[in-house]
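Student: I would like to go through this model and ask what stands behind each term used for it.
Tutor: Then put the questions one at a time.

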Amino acid sequence: MQENLVPRIPLGQYAENVIDYITDTFEGFFDVVQDGLDGFVSAFEALLNFPPELVMIAILAAIAFYFAGWRVAVFAILGSLLILGLDLWEDTMLTLALVLSSTVVALAIGIPLGILAVQSRSIEAVVKPALDIMQTMPAFVYLVPMIILLGLGSGPALVATVIFAMPPAVRLTMLGIQQVPRNTVEAAHAFGATRGQTLLKVELPQALSTIMAGVNQVIMLALSMVVIAALVGAGGLGEVVVRGLGQLNVGTAFEGGVGIVIVAIYLDRVTRRLGQKRKKGGKGGK
Amino acid sequence: MRRSGKSKAEVERSTGATIGAFDASFDVNRGEIFVIIGLSGSGKSTILRTINRLNEPTEGTIHLDGEDVLAMSTKQLRQLRRKKIGMVFQQFGLLPNRTVQDNVTFGLEVQGVGAEKRRKAGQEALGLVGLQGQGDKLITELSGGMQQRVGLARALATEQEILLMDEPFSALDPLIRRDMQNLFLSIQGEVKRTVVFVTHDLDEALTLGHRVAIMKDGEIVQLGTPEQILREPANEYVERFVEDVDYAKVRTAQTVMVPVNEVAYINDGPTVVLRRMRQFGLDFIPVVDEERRFLGTAEAEEVARLAERNERELGSSVDREAAKVGRDTSLREILPLFVERDVPVAVVDDENRIEGVVYRGSLIAGLTTSQESPDESESFDREVPQENAPNGANSGDRVRVRRIGE
């Protein structure tokens with residue numbers, strides 16, 4: 001009898017119809033998008049695979065040393081050698097490429113969106129619930145239409161990762177700008193700074209460390225998507241784990257998992273102190 | 001002093017609420033330090049920030065050099081803030097991510113001034129506030145007092161003629177505050193800006209202000225020179241407000257001096273002088289030259305001794321070390337002069353001509369009471385450039401600001 005209280009609402013049917021419609025109408029468009037996204041990720045992959053492994057390890061260690069000190073540099077070298085030893089180098093580079101490319105896209109959209117949302121109440125009113133949906137909607141739900149629209153491969157993986165990983169970029173950009181002491185903004189106004197000047201010279205520099213914390217979170221969230229991304233054919237370390245899962249092969253899954261952990265620790269340590277590093281560098285440089 | 005100066009901003013403000021309308025109107029003359037004082041919530045900062053429209057009044061007009069500030073477009077307002085009105089903030093408002101130098105030149109940077117010119121102007125401004133050579137430091141390395149010097153330098157670097165100061169020294173501890181007040185006064189003597197200064201510290205208001213406006217609940221309850229406010233509080237509120245004032249700091253020689261009726265000329269004979277002193281019952285008499293320039297003080301006993309010896313000259317009885325002060329000297333500085341000997345202190349003008357005498361008694365009266373000294377009928381206004389007193393050409397400068405609520 002309860003079934004009759006509210007008639008069955010064919011929400012799923014609606015969603016399907018919309019996707020069908022979009023697929024039919026914009027097929028050519030999505031082909032182009034798919035190629036573009038695939039190409040974008042491939043470019044990163046090519047870049048990472050361009051140097052020989054040992055050179056790449058040296059580069060990774062140097063980056064770690066510059067941003068996070070010698071401990072992380074040593075970790076980078078040992079971790080990379082372990083990955084080499086596990087024969088996971090190419091998978092790792094692909095995962096890294098996917099993480100980096102989706103981070104770039106997420107930041108390119110998220111930071112400006114955050115800036116806009118601070119300036120305008122109405123944008124904020126739209127953005128905030130949208131971010132909540134993006135973070136709480138299970139990834140599989142939007143993976144399905146992504147596959148339909150973009151096919152299998154790194155394209156849908158990139159889009160899904162961006163959707164999932166972008167919210168902190170927006171949120172922490174907003175937070176960072178809102179935390180800028182009012183008196184500094186006011187002083188800028190009192191001296192006749194334009195809105196743009198206030199943003200570039202006063203707000204963003206002071207919000208930088210918070211925004212950088214957002215960057216770190218974006219990267220970590222992007223990395224947490226690699227296994228799901230592997231389900232739509234993105235490849236990389238996630239695929240190793242998925243393969244292990246499919247074959248019930250504990251060893252394979254474990255090896256893939258270790259690779260992901262190494263990448264995660266490396267990325268986290270390197271990006272964690274991005275914001276503070278700048279301050280310290282400024283002082284030390286004197 | 002600029003003769004053409006016709007800067008007169010009058011801000012009249014009223015709350016249109018049904019409770020009643022308040023008016024707060026004032027003129028600020030060019031080169032003047034105009035202080036607005038009141039307790040927190042009295043509306044003093046609100047008024048100050050209305051002048052450069054950091055606070056947007058809902059109604060009314062503000063005139064500056066005959067221009068209607070509220071009618072300005074965003075662009076014009078920006079130019080006004082860049083070129084005409086500088087500001088110093090209570091919380092400094094400095095950018096922690098920049099060096100001292102880059103903070104000081106921020107105003108020039110937003111105007112698009114070139115790097116070389118900025119560097120020069122910045123160094124000049126830093127020199128003014130006593131921070132030369134510290135331009136490369138980070139703001140976070142400086143103490144509060146030093147930071148506010150940077151804030152001051154930033155407002156000076158842009159060379160706007162008007163300076164709004166929103167409780168600039170309130171966040172500093174008392175000793176540093178005193179230093180900053182002195183620094184500010186000495187800089188002001190050099191750069192001669194038109195200053196509107198907000199504070200809640202009465203001592204500060206009376207020390208710095210040429211004129212002071214006391215505010216309460218969005219209303220100006222009294223506007224006048226520090227002297228007027230101390231001597232003639234407009235109502236009980238002001239009276240209570242000024243109760244604890246340190247008169248030694250605020251009052252100056254001219255408020256307690258007794259005008260000189262009798263002087264001895266250096267060429268007078270001792271007998272003549274002695275007769276005059278007896279006639280008026282004087283123990284001391286100021287000795288002057290033909291142009292009434294103060295030379296020293298002669299004591300009755302000494303003069304009598306000369307007279308007995310039939311000396312023709314007064315000279316040897318004159319105490320040429322006798323203390324003399326300017327009319328603006330504070331009582332605090334005069335007080336020590338009486339510690340060693342009870343000799344009246346002469347008050348002289350810039351040309352060293354005698355104007356009056358401060359006796360120990362009149363000094364103590366001036367320190368302890370708000371009672372009037374003998375010649376208080378005269379105006380004791382501190383000298384304020386007044387050449388732009390209201391005249392026909394200026395009547396258009398009246399400003400009316402109306403605002404609802406606080």
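Tutor: One definition is needed at the start: pLDDT is the predictor's confidence in each residue, from 0 to 100. The model is predicted, and chain A averages a pLDDT of 87, with 95% of the residues scoring at least 70.

Student: What makes residues 278-286 of chain A stand out in pLDDT?
Tutor: On that scale from 0 to 100, pLDDT stays under 50 over residues 278-286 of chain A. For this stretch the model has 3 contacts beyond four places in sequence, a contact being two C-beta atoms within 7 Å.

Student: Which helices of chain A mark the lowest and the highest confidence?
Tutor: Helix α16 (residues 274-284) of chain A has the lowest, at a mean of 49. Helix α10 (residues 167-179) of chain A has the highest, at 93.

Student: Why is strand β7 of chain B called largely enclosed?
Tutor: A residue is buried if 20 or more other C-beta atoms lie within 10 Å of its own. In β7 (residues 162-166) of chain B, 5 of the 5 residues are buried, so the strand is largely enclosed by the rest of the structure. Ile162(B), Leu164(B) and Asp166(B) cover one side, and Leu163(B) and Met165(B) the other.

Student: How do you know that β7(B) pairs with β6 and β8 of chain B?
Tutor: Pairing requires at least two bridges. Strand β6 (residues 85-88) of chain B is joined to β7(B) by 4 bridges, and strand β8 (residues 194-199) of chain B by 5. Both pairs run parallel. Ile85(B) stands opposite Ile162(B), and Leu163(B) stands opposite Val195(B) in β8(B). The chain passes from β7(B) to β8(B) through helix α7 (residues 174-191) of chain B, in a right-handed β-α-β crossover.

Student: What makes β11 and β16 of chain B edge strands?
Tutor: The open sheet has 4 strands in the order β11-β18-β17-β16 (chain B), with mixed pairing. β11 (258-259) and β16 (324-326) of chain B each have a single partner strand, so one side of each is left without a neighbour in the sheet.

Student: What makes the pairing in that sheet mixed?
Tutor: β16(B) and strand β17 (residues 345-348) of chain B pair in the parallel sense over 3 bridges, with Val325(B) and Val347(B) as bridge partners. β17(B) and strand β18 (residues 354-358) of chain B run antiparallel, joined by 4 bridges, and Val345(B) has Val358(B) as its bridge partner. The sheet holds pairs of either sense, and its pairing is mixed. In the hairpin of β17(B) and β18(B), with 5 residues between the strands, Asn352(B) takes a positive phi near 70°.

Student: Which residues have the most contacts inside the largest nonpolar core?
Tutor: Leu98(A), Val218(A) and Ala153(B), in a core of 140 residues. Helix α6 (residues 89-119) of chain A gives the most to this core, with 13 residues. Apart from it lies another core, of 32 residues, including Met277(B), Val318(B), Ala346(B) and Val358(B).

Student: How many residues does each chain bring to the contact between A and B?
Tutor: Chain B brings 19 residues and chain A brings 16. Helix α2 (74-83) of chain B gives the most to the side of chain B that touches chain A, with 4 residues. By class, that side has 8 nonpolar, 7 polar and 4 charged residues.

Key:
Residues numbered from 1 in each chain as written. Chains lettered and ligands numbered in written order. Predicted model: local features only at pLDDT ≥ 70, side-chain atom pairs only at ≥ 80, totals over all residues. Helix = DSSP H or I, 4+ residues; strand = E, 2+ residues; numbered from the N terminus. Nonpolar A, V, L, I, M, F, W, Y, C, P; charged D, E, K, R; others polar. Buried ≥ 20, exposed ≤ 12 C-beta atoms within 10 Å, placed from the backbone. Right-handed = clockwise from strand over helix to strand, strands pointing away. Core = buried A, V, L, I, M, F, W, Y, C linked by C-beta atoms within 7 Å.
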